[in-house]
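Please look over the chain shown below. A short report on its helices, pocket, aromatic rings and backbone follows.

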Amino acid sequence: MANYVRTLSAALLACGLSFNASADWTINKDTSALHFISTKNAQVTEVHQFDSFKGTLSDKGKLNVEVDLSSVNTAIDIRNKRMQEMLFNVSEFATANFEATLTKPMMQLKAGEVMNGKVDGILTLHGKAVPTAFAVTVSQVDADTLTVSTSAPTLIKAESFGLAQGVAALQKIAGLKSITTTVPVTFSVTLNR
């Protein structure tokens, strides 16, 4: 009987360990941030963010991130509303999505290890799917915590996603001389499993 209990305990422990090793990672919304920068009238630069986004990372490195475009936060309510309606057209295109695969070395880090690299993927925004790359720093904090953050901004061009007209409409309604159509994007995310 004692041998049976030891064997059963070992089997359950092994199942528990294998479940942990293959569990998907999920973005922790409380410790993650997604920012973008806009410049108007050639010299006024402001930092904005999206308050709501979610994502998963499989144990094989498949990354899926979904950003709620209606959560755009520029710290000015009327500007948020205009961006939702005139730029992103959230009634038709509610989310932006990024899909990529992290490299094998990134997925095999041990606790305490840090690695710099590049993540190539597809960003789908406003109905357009565009190859997009992010320079990142990946850190394996512990067995159940992974952090990924940009090591340099990625430049997103409004024209690539059919957003140039929306930028022009925002410029006109706000009475601005210019708004840049290339936007630096940065993020810092924590993933848990």
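Where is asparagine 41 found? Asparagine 41 sits in the loop between β2 and β3. The model is a predicted one: local features need pLDDT of at least 70, side-chain atom pairs count only at pLDDT 80 or more, and totals for chains, interfaces and linings use all residues. Residues are numbered from 1 along each chain as its sequence is written, and side-chain values use heavy atoms, with hydrogens and water left out.

## Overview

The chain has 4 helices and 12 strands. Both are DSSP runs, numbered from the N terminus: helices are H or I with at least four residues, strands are E with at least two. Of the 193 residues in the chain, 34% are buried. Buried means under 20% relative accessible area, exposed means over 50%, and partly exposed lies in between (1.4 Å probe, protein chains only).

Contacts mean heavy atoms within 4.5 Å. Among contacts in the chain with a separation of 6 or more, 60% come from residues 24 or more positions apart.

## Helix α2

Helix α2 spans residues 77-87. Its buried residues are Arg79, Asn80, Met83, Gln84 and Leu87. They share the same side of α2, because they cover an arc of only 135° around the axis. The arc is that of the directions from the helix axis to the C-beta atoms. An α-helix has 3.6 residues a turn, so residues three or four places apart point the same way. The buried residues of α2 pack against β2 (33-40), β3 (44-50), β6 (72-73) and α4.

Methionine 83 belongs to this helix. Its relative accessible area is 8%, so methionine 83 is buried. Beyond its neighbours within four places in sequence, methionine 83 contacts Phe36, Val72, Thr74, Phe88, Asn89 and Leu170. Leucine 170 is 87 residues away along the chain, yet the two C-alpha atoms are separated by 7.5 Å. Glutamate 85 also lies in α2. Its relative accessible area is 49%, so glutamate 85 is partly exposed. From glutamate 85 to glycine 166 is 81 residues in sequence and 9.0 Å in space, C-alpha to C-alpha.

## Helix α4

Helix α4 covers residues 164-174, and Gly166, Val167 and Leu170 are buried in it. They line one face of the helix, because they fall within an arc of 100° seen down the axis of α4. Gln165 and Lys172 are exposed on the other side. The cover over the buried residues of α4 includes α2.

## The largest pocket

The largest pocket has a volume of about 1,000 Å³. A pocket is an open set of points on a 1 Å grid over the protein atoms alone, with protein on both sides within 12 Å along at least five of seven lines. Grid points are joined across faces, edges and corners, and the volume is the space filled by probe spheres set on the points.

The lining has 50 residues; Phe36, Phe50, Phe88, Val183 and Val185 lie nearest the centre of the pocket. Lining residues have an atom within 4 Å of a point. By class, the lining has 39 nonpolar, 6 polar and 5 charged residues. Ala, Val, Leu, Ile, Met, Phe, Trp, Tyr, Cys and Pro count as nonpolar, Asp, Glu, Lys and Arg as charged, and the others, Gly among them, as polar.

## Aromatic rings

The whole structure holds 4 aromatic pairs. In one, phenylalanine 98 and phenylalanine 134 have ring centres 5.1 Å apart and planes at 90°, so the pair is edge-to-face. This pair links distant parts of the chain, 36 residues apart: phenylalanine 98 is in strand β7 (residues 95-101) and phenylalanine 134 in strand β9 (residues 128-142). Rings of Phe, Tyr and Trp (its six-membered ring) pair if their centres lie within 6.5 Å; planes under 30 degrees apart count as stacked, over 60 as edge-to-face and the rest as tilted.

Phenylalanine 98 and phenylalanine 134 are both buried. Phe36, Phe50 and Phe88 form one aromatic cluster.

## Positive phi

Most residues other than glycine have a negative phi. Asparagine 41 is not a glycine, yet its phi is positive, about 50°. At 29% relative accessibility, asparagine 41 counts as partly exposed. Histidine 126, in the loop between β8 (114-125) and β9, has a positive phi near 55°. At 19% relative accessibility, histidine 126 counts as buried.

Asparagine 89 comes after α2, with a positive phi near 55°.

Definitions and conventions:
On a 1 Å grid over the protein atoms alone, a cavity is a set of points where a 1.4 Å probe fits but cannot get out, and a pocket is an open set with protein on both sides within 12 Å along at least five of seven lines; lining residues have an atom within 4 Å of a point.
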